[in-house]
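Here's a quick tour for anyone meeting this protein for the first time. Have a look at the picture, then read on.

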Amino acid sequence: MHNVLLMLYDGVKGLDVVGPVEVFSSANDVLAEHGRAPAYAITTGSLGATAVRTSARMRLAPDIDLDGAPVAGTLVAPGGCVPGELDLSLVAWLRANGAHAERLVSVCTGAFVLAEAGFLAGRRATTHWQYCADLAELHPDVTVDAEPIFVRDGNIATSAGVTAGIDLALALVEDDLGRDVALAVARHLVVFLRRPGNQAQFSAQMSAQVAHRAPLRDVQCWIAEHPEADLAVTALARRAGLSPRHFTRAFTQEVGVAPGRYVDQVRLEAARLRLEDTDDSVGRIARACGYGTPEAMRRAFLRGLSVGPAEYRRRFTSTVAGQET
């Protein structure tokens, strides 16, 4: 039996608590359906065993007082705390007890609690994109990566906002119980077991700014709708009615990323989605997404996702095949 302990405090994000709890609880349900014993004992605790109010003003009653909590296999710090205004008593409790846990996990701004307690020093970590700069500023000894939805460094795992905690919990279930159980949990919760930790918190279109000028906005739409087209700067500039030099400068200023980098991001996302959602061959996807050859697409995947197209698809084939409709 693996003990999972979630720390509660006033202002905690309800979904940061309930999301992981549902994942671990559903894993127990899946095991029971196959005549197997439960794998997780799930407990919530607060200092003094006092009830807390979530950020949405919901009342949560903890199971136990953290001061009397048993040693946790997985200790979870949910988000909701305000950077720079942490509950120092909670930090002190974590500093005294966190090292005894087999693994430490944070969801969203829960990373600030781990960092303040000293557990992220010298580690790579992430948090909600909105607070990554704050985490890096307040804790310069932490290598903050704003891109992934979750990061694992040794026995410590940190995740981005809200639903990323579910992705991370599914990854932990897969580590503990295997892919089949994790996939069954994902199906039960009607989520996709398809987001690797290094997937970006935002899609290419969401992470970029929308250009102010209509010709540049039209070019952004054209790129997204025609990843297979000639998307060289000269071709895009001609479509915008600008010189290549003027186009590059204006696009970079208004969108926040150079045209070539934007095209790379859009093509990678288009190829990733086709691998997940279709049975098209890698060669066909490479041509449809503007790479031309499977080798060019493979290099792009290794640069962007640290995994090749074939391996990426292998991870998600059973998800696509068994996806609920």
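## A strand with two partners

Let's start with strand 7, which runs parallel to strand 11 (residues 156-159), with four bridges joining the two. If you want a spot to look at, find valine 107, which sits opposite serine 159 of strand 11. Bear in mind as you look around that this is a predicted model.

Strand 7 has another parallel partner: strand 6 (residues 74-77) pairs with it over four bridges. Here threonine 74 has arginine 103 of strand 7 as its bridge partner. To get from strand 6 to strand 7, the chain passes through helix 2 (residues 88-97), making a right-handed β-α-β crossover.

So how covered is strand 7 (residues 103-107)? Mostly: five of its five residues are buried. Both of its faces are covered, with Arg103, Val105 and Val107 buried on one side and Leu104 and Ser106 buried on the other.

In soluble globular proteins, nonpolar side chains tend to gather together in buried places. In this model the largest nonpolar core has 61 residues, and the members touching the most others are Met7, Leu75, Leu94, Leu104, Leu120 and Val173. Helix 5 (residues 164-177) gives this core its largest share, eight residues. There's also another core lying apart from it, with 17 residues, including Ala211, Leu236, Phe247 and Phe251.

Setting aside neighbours within four places in sequence, what is methionine 7 in contact with? Its partners are Gly45, Leu66, Leu75, Val76, Ala77, Pro78, Leu90, Trp93, Leu94 and Val113.

## Charged pairs

Side chains of opposite charge can pair up when their charged atoms come close. The model has eleven salt bridges. One of them is between arginine 314 and glutamate 311, at 2.9 Å from N to O. Why are these two separated by about one helical turn? Because arginine 314 and glutamate 311 are three residues apart in helix 14 (residues 309-321). Arginine 314 is exposed, with a relative accessible area of 52%, while glutamate 311 is partly exposed at 29%.

Helix 13 (residues 294-305) holds glutamate 295 and arginine 298, three residues apart, about one turn of the helix. These two form a salt bridge, with their closest N and O atoms 3.0 Å apart. Glutamate 295 is partly exposed, at 35% relative accessible area, and arginine 298 is partly exposed at 35% relative accessibility.

Some salt bridges join up, too: Arg274, Asp280 and Arg284 are linked in a network. Within it, the side chains of arginine 284 and aspartate 280 meet at 3.8 Å, N to O. Aspartate 280 is buried, with a relative accessible area of 19%.

## Cysteines without a bond

A disulfide is a covalent bond joining the sulfur atoms of two cysteines. How many disulfides does this model have? The count is zero.

Take cysteine 81: the closest cysteine sulfur, in cysteine 108, is 8.1 Å from its own sulfur, so they're too far for a bond. The cut-off is 2.5 Å. Looking from the other end, cysteine 108 finds its closest cysteine sulfur in cysteine 81. Cysteine 81 is buried at 9% relative accessibility, and cysteine 108 is buried with a relative accessible area of 6%.

Note on methods:
Residues numbered from 1 in each chain as written. Predicted model: local features only at pLDDT ≥ 70, side-chain atom pairs only at ≥ 80, totals over all residues. Heavy atoms only, no water. Salt bridge = Lys/Arg side-chain N within 4 Å of Asp/Glu carboxyl O. Buried < 20%, exposed > 50% of the residue type's maximum accessible area, 1.4 Å probe, protein only. Core = buried A, V, L, I, M, F, W, Y, C linked by side-chain atoms within 4.5 Å. Contact = heavy atoms within 4.5 Å. Pairing = 2+ DSSP bridges. Right-handed = clockwise from strand over helix to strand, strands pointing away.
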